[in-house]
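Could you walk me through this protein model as if I were looking at one for the first time? I would like to learn how to read its features step by step.

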Amino acid sequence: MHKKFSTSLSAFFVALAINVQAPARAAEAVTLTHIHGLSYSADGARLIIPSHHGLAVFEAGRWSKAAGPAHDYMGFSATRDTLYSSGHPAPGSGMTNPFGLIKSGDGGKTWHKLGLEGESDFHLLATSYGTNAVYVINHAPNSRMTQAGIYTTRNDGMQWTRAAANGLGGEPKSLAVHPADAGVVAIGTGDGLYLSRDAGQSFERLVGGQQVLAVTFDLDGKHLWFSSFAGKATLMRVALAPQAKPESLPIPDLGQDAVAYIAQNPKRRDEFAVATFKRSVLLSKDNGRSWAAIAKDGVAQ
């Protein structure tokens with residue numbers, strides 16, 4: 001089973017504006033053909049899901065397709081005022097494939113190139129909510145990165161710094177950055193949950209003995225939420241405190257599925273959303289104590 005999820009994750013593995021499409025229409029049918037990230041809008045009103053054909057939006061109990069180009073967004077991540085992504089252009093768009101790093105300041109209506117266009121597609125990309133620092137896991141040399149590894153930029157891709165990643169064990173499967181301290185980064189691997197407090201130069205293992213599939217910091221920066229699979233899906237939280245022990249959170253039986261992405265509403269902080277590898281989306285409004293499905297197997301509910 002672990003091999004199956006590892007394969008799925010590996011498969012997941014400008015300043016010019018990109019085309020704008022028609023406004024969102026709430027009546028449009030929404031099917032999640034893949035899920036490549038999960039974020040809330042800054043006002044907390046919209047849950048945004050990048051899929052294989054553009055952005056899907058859940059707002060006020062209804063699904064719609066977002067305004068903007070229907071690209072295949074990968075490594076999608078949000079900060080307080082910006083969306084960052086990598087990925088591939090929609091057929092017929094005329095855009096260079098892959099995107100490298102792009103960003104949007106208008107909720108995905110238009111996107112701007114930040115470099116590495118035609119060179120790199122970052123499937124593991126994470127941002128610091130309050131600082132706009134961006135971390136990526138790069139798999140091959142490019143014009144700004146001399147070798148594979150973990151890289152970070154704090155100036156929208158103008159300069160990248162490679163992290164030594166001493167102490168990190170296992171294949172990276174997920175990536176998260178502290179919302180206020182850009183030097184604090186967490187990585188989920190096949191060998192556990194790791195934390196760095198020096199911008200990825202060195203890591204300590206917080207949780208071992210399990211594959212960590214998804215990871216995110218809560219927005220107060222005091223806890224890490226993470227998921228795993230060992231016969232069944234699990235969702236856990238651990239405090240960023242000395243010798244803290246992870247606590248299990250209740251989650252519905254997902255069968256042969258597991259949590260791939262976790263997001264917190266910045267305005268209603270008891271509200272969390274999770275998306276699974278098989279394209280289900282669940283919402284909790286009580287800090288993870290109970291959950292309701294808003295999409296099942298890619299079909300909006």
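## Aromatic pairs

Q: How many aromatic pairs does the structure hold?

A: There are five aromatic pairs in the structure. Keep in mind that this is a predicted model.

Q: Are Phe 122 and Trp 160 buried or exposed?

A: Both Phe 122 and Trp 160 are buried.

Q: Which residues form an aromatic cluster?

A: Tyr 73, Phe 76 and Trp 111 come together in one aromatic cluster.

## Salt bridges

Q: How many salt bridges are there?

A: The structure holds eight salt bridges. Let us read some of them, asking for each partner how accessible the residue is.

Q: What is the partner of Lys 113 in a salt bridge?

A: Lys 113 forms a salt bridge with Glu 117, and the closest N and O atoms are 2.9 Å apart. Lys 113 has 22% relative accessibility, so this residue counts as partly exposed. Glu 117 also counts as partly exposed, because its relative accessibility is 29%.

Q: Which residue meets Lys 173 in a salt bridge?

A: That is Glu 171, with 3.7 Å from N to O. Buried means under 20% relative accessible area. Lys 173 counts as buried because its relative accessibility is 6%, whereas Glu 171 is partly exposed at 34%.

Q: Where in the chain are Arg 237 and Glu 247, which form a salt bridge?

A: In this salt bridge the closest N and O atoms are 3.1 Å apart. Arg 237 is in strand S19 (residues 233-239) and Glu 247 is in strand S20 (residues 247-249), 10 residues apart, and the pair links distant parts of the chain. Arg 237 counts as buried at 11% relative accessibility, while Glu 247 counts as partly exposed at 37%.

## Nonpolar cores

Q: Which residues touch the most other members of the largest nonpolar core?

A: Here is the general idea. In soluble globular proteins, nonpolar side chains tend to be buried together. In this model, the largest nonpolar core has 18 residues, and Leu 235, Val 259, Ile 262 and Val 274 touch the most other members. Strand S18 (223-229), S19, strand S21 (259-264) and strand S22 (272-276) each supply at least two residues of this core. S21 gives the most, with three residues.

Q: What is Val 274 in contact with, leaving aside its neighbours within four places in sequence?

A: Its contacts include Leu 38, Leu 235, Val 259, Ile 262 and Trp 291. There is also a second, separate core of 17 residues, which includes Val 30, Leu 32, Tyr 40 and Ala 263.

## An open sheet

Q: What is the order of the strands in the open sheet of four strands?

A: The order is S1-S2-S3-S4, and the pairing is antiparallel. Strand S1 (39-40) and strand S4 (62-65) stand at the edges, each with a single partner strand, so one side of each is left without a neighbour in the sheet.

Q: How many bridges join S1 to strand S2?

A: Two bridges join S1 to strand S2 (residues 46-51), and these strands run antiparallel. Tyr 40 has Leu 47 as its bridge partner in S2.

Q: Is Ile 49 buried or exposed?

A: Ile 49 has its place in strand S2. At 0% relative accessibility, Ile 49 counts as buried. Leaving aside neighbours within four places in sequence, Ile 49 is in contact with residues including Leu 32, Ile 35, Trp 63 and Val 281.

## A buried serine

Q: Where is Ser 280?

A: Ser 280 is in the loop between S22 and strand S23 (281-284). Ser 280 counts as buried, because its relative accessibility is 4%. The side chain of Ser 280 reaches the backbone nitrogen of Asp 297 at 3.0 Å. Leaving aside neighbours within four places in sequence, Ser 280 has contacts that include Ile 35, Val 274, Ala 295 and Gly 298.

Definitions and conventions:
Residues numbered from 1 in each chain as written. Predicted model: local features only at pLDDT ≥ 70, side-chain atom pairs only at ≥ 80, totals over all residues. Heavy atoms only, no water. Phe/Tyr/Trp six-rings, centres within 6.5 Å; stacked < 30°, edge-to-face > 60°. Buried < 20%, exposed > 50% of the residue type's maximum accessible area, 1.4 Å probe, protein only. Salt bridge = Lys/Arg side-chain N within 4 Å of Asp/Glu carboxyl O. Core = buried A, V, L, I, M, F, W, Y, C linked by side-chain atoms within 4.5 Å. Contact = heavy atoms within 4.5 Å. Pairing = 2+ DSSP bridges. Polar contact = N/O pair within 3.5 Å; in protein donor to acceptor, adjacent residues only side chain to side chain.
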